[in-house]
Amino acid sequence: MKEAQFIWKDGKLVPWAEATTHILTHTLHYGNAVFEGTRAYMTKRGLAIFRLEAHTKRLLDSAKIVCIKSPYTQAQLESAQIELLRANRADYKGNVYIRPIIYLGYGVMGLNHISAPVNAAIAAWEWGAYLGEDGIANGIKVKTSSFVRNPIKAIMGKAKVAANYLNSQMAKHEAISCGCDEALLLDDNGFVAEGSGECFFIVRNGKLITPPYDNTLESITQATTIEIAKDMGIPLEQRRITRDEVYIADEAFFTGTAAEITPIRELDARAIGSGSAGEITKSLQKAYFDVVNGENPKYAHYLTYIDEEK
């Protein structure tokens with residue numbers, strides 16, 4: 001990880017190495033914390049945060065779902081992210097990943113979390129392609145995981161909460177141990193859900209298909225991709241997908257803040273389509289990067305430039 005000078009913590013900018021917490025912080029032991037992944041892109045007009053408002057709202061929605069009362073409002077958290085990027089601007093030469101987190105701090109133990117103090121922090125560091133530049137260009141190898149996506153009857157999947165990601169971590173570890181780059185998780189009914197940290201699309205017969213939101217996080221990048229596809233006139237269907245349908249798809253790709261749009265060239269030792277990034281995937285990928293880099297004026301409202309007043 002490429003460190004920056006400051007982390008925003010509980011309303012103040014503190015040096016990166018001093019942004020610490022107690023070993024008995026409640027979240028460390030019980031996993032109840034909500035977080036976001038947001039990107040800022042180095043555009044021609046300077047560093048710009050992509051969909052700041054939507055990501056911050058989802059952070060607060062997640063907190064509400066798991067009964068954490070945020071000590072900060074949406075406006076305060078948005079301003080804090082801008083403040084942090086401005087303070088660290090000298091450390092950033094490329095695109096930046098932003099990680100806001102609201103967590104339960106030190107003071108009480110036991111499963112009843114309501115009396116635990118609530119802390120908030122935001123870190124931001126320079127980070128390139130999550131699944132690698134080669135993955136962005138040529139596609140990745142994926143394995144269907146033996147772990148199913150957390151079922152909605154067991155845990156609240158609409159919250160981006162730390163505890164949910166143990167399942168993703170194990171799925172990712174399994175995939176990498178088997179020589180793949182990423183995992184594809186099915187839901188508890190056997191239909192495709194999502195990657196370990198990404199949403200999923202296939203292309204069949206010129207139609208873009210993505211699973212419904214029943215067993216997935218409501219992805220901001222997925223919604224943006226759908227919006228772009230509609231603008232491009234690409235037919236879209238949101239429905240259940242089976243694993244064997246993926247095998248015979250013409251194209252497949254992951255989307256997410258970290259993954260952006262990453263083609264899938266192989267699933268379970270079966271080539272997807274031609275075994276490389278497909279034409280529709282590449283056209284969506286180019287359009288997406290035009291949007292986040294400020295090259296498409298129609299989507300300018302999704303960008304918050306840190307050197308301009310909000």
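**Exercise 1.** Find which residues of helix 8 are buried.

*Solution.* The model is predicted: local features need pLDDT of at least 70, side-chain atom pairs count only at pLDDT 80 or more, and totals for chains, interfaces and linings use all residues. Residues are numbered from 1 along each chain as its sequence is written, and side-chain values use heavy atoms, without hydrogens or water.
- Set the cut-off: buried means under 20% relative accessible area (1.4 Å probe, protein chains only).
- Apply it to helix 8: I280, T281, L284, Q285, A287, Y288, V291 and V292 are buried.
- Recall the geometry: an α-helix has 3.6 residues a turn, so residues three or four places apart point the same way.

**Exercise 2.** Check the span of helix 8 against what its 14 residues should give.

*Solution.*
- Helix 8 covers residues 279-292.
- The expected span is 1.5 Å times one less than the number of residues, here 20 Å.
- The end C-alpha atoms are 20 Å apart, which agrees.
- Just after the helix, G294 has a positive phi of about 75°.

**Exercise 3.** Work out where the largest pocket lies relative to domain 1 and domain 2.

*Solution.*
- Take the domain bounds from an automatic or database assignment: 6-126 for domain 1 and 133-293 for domain 2.
- Both domains give residues to the lining, so the pocket lies between them.
- The lining has 49 residues, with F35, Y97, R99, K160 and Y165 nearest the pocket centre.
- Helix 5 (residues 165-177) contributes the most, with 6 residues.

Conventions: Helix = DSSP H or I, 4+ residues; strand = E, 2+ residues; numbered from the N terminus. Buried < 20%, exposed > 50% of the residue type's maximum accessible area, 1.4 Å probe, protein only. 1 Å grid on protein atoms, 1.4 Å probe; cavity = no way out; pocket = protein on both sides within 12 Å on 5 of 7 lines; lining within 4 Å.
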